[in-house]
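Subject: Structure handover

Hello,

Here is the structure I said I would pass on. My notes on it follow below.

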Amino acid sequence: MALAPKFAGQAYSVDVSPKAIHTLELFLDYVCPFSAKMFLTLSTDVLPSLPRKYPGKVQLIFRQQIQPWHPSSTLVHESAAAVLRLAPQKFWDYSKILFEHQKEFFDVNVVNETRNQTYKRLSKLASEVGVEEKGVYELLEVQDKPGQDGSLNIGNGVTDDLKVMVKVNRLLGVHVTPTVLFNGVVENSISSSFTGEQWQEWLEKNVK
């Protein structure tokens, strides 16, 4: 599945050659504990070694998979979409900090605040990786006045981007998080419980 240029920050490429490249697509939800376990293991134990071990051979794509039974999932993914707009090179760093702080956006920690209050906390987190807090919040904030055409479901500055992400994932039929696709095919052998060593073994076997 292709990646729209405006979402290029979701790709973690290792000096790729378009003629010979393997692609791992990671369908992850920022408020899914199993997604966090997978991402943080990759971030710590796998990504740092990829340029040395697999130059020009592999790229990873982070597919943002909103899980609607986590009400805050949409809001957290919107914040990542805002970072993609403002500083795509910071997307993976911001994703890491979101997973490290994910419990702060679980149900019991958001139920008593407004949507915009949650956005403010997310914008502050973005500033910790060098993205302008004010810029992120301006993209996320939902106004309390109708649109110029009188519409009430006005969304925010990243609503259209999120719609595209959701359409892509629905087209592929992905439901569970995390889900991993390798060269376009679901790779059921990869688990959220994979250790760094297991990831390295899998890569050695499959990325040639």
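The aromatic pairs number 11, where a pair is two rings of Phe, Tyr or Trp (its six-membered ring) with centres within 6.5 Å, stacked if the planes are under 30 degrees apart, edge-to-face if over 60 and tilted for the rest. One of them, Phe39 with Phe99, is tilted, at 5.1 Å centre to centre and 35° between the planes. Phe39 belongs to helix 1 (residues 33-45) and Phe99 to helix 4, so this pair ties together parts 60 residues apart in sequence. Helices (H or I, at least four residues) and strands (E, at least two) are DSSP runs numbered from the N terminus. Phe39 and Phe99 are both buried, meaning under 20% relative accessible area with a 1.4 Å probe and protein chains only (exposed is over 50%, partly exposed in between).

Phe62 and Phe91 make an edge-to-face pair, 5.2 Å centre to centre with 85° between the planes. Phe62 is in strand 3 and Phe91 in helix 4, 29 residues apart. Phe62 has a relative accessible area of 0%, and Phe91 likewise has 0%. Tyr30, Phe39, Phe62, Phe91, Trp92 and Phe99 form one aromatic cluster.

This is a predicted model: local features need pLDDT of at least 70, side-chain atom pairs count only at pLDDT 80 or more, and totals for chains, interfaces and linings use all residues. Residues are numbered from 1 along each chain as its sequence is written, and side-chain values use heavy atoms, with hydrogens and water left out.

Strand 3 has 7 of its 7 residues buried. Val58, Leu60, Phe62 and Gln64 point one way from it, and Gln59, Ile61 and Arg63 the other. Strand 3 pairs with strand 2 in the parallel sense over 7 bridges; pairing requires at least two DSSP bridges.

Gln65 sits in the loop between strand 3 and helix 3. Why does Gln65 count as buried? Its relative accessibility is 6%. The Gln65 side chain reaches the backbone oxygen of Val174 at 3.1 Å.

Helix 3 is mostly covered, with 11 of its 14 residues buried.

Regards

Definitions and conventions:
Polar contact = N/O pair within 3.5 Å; in protein donor to acceptor, adjacent residues only side chain to side chain.
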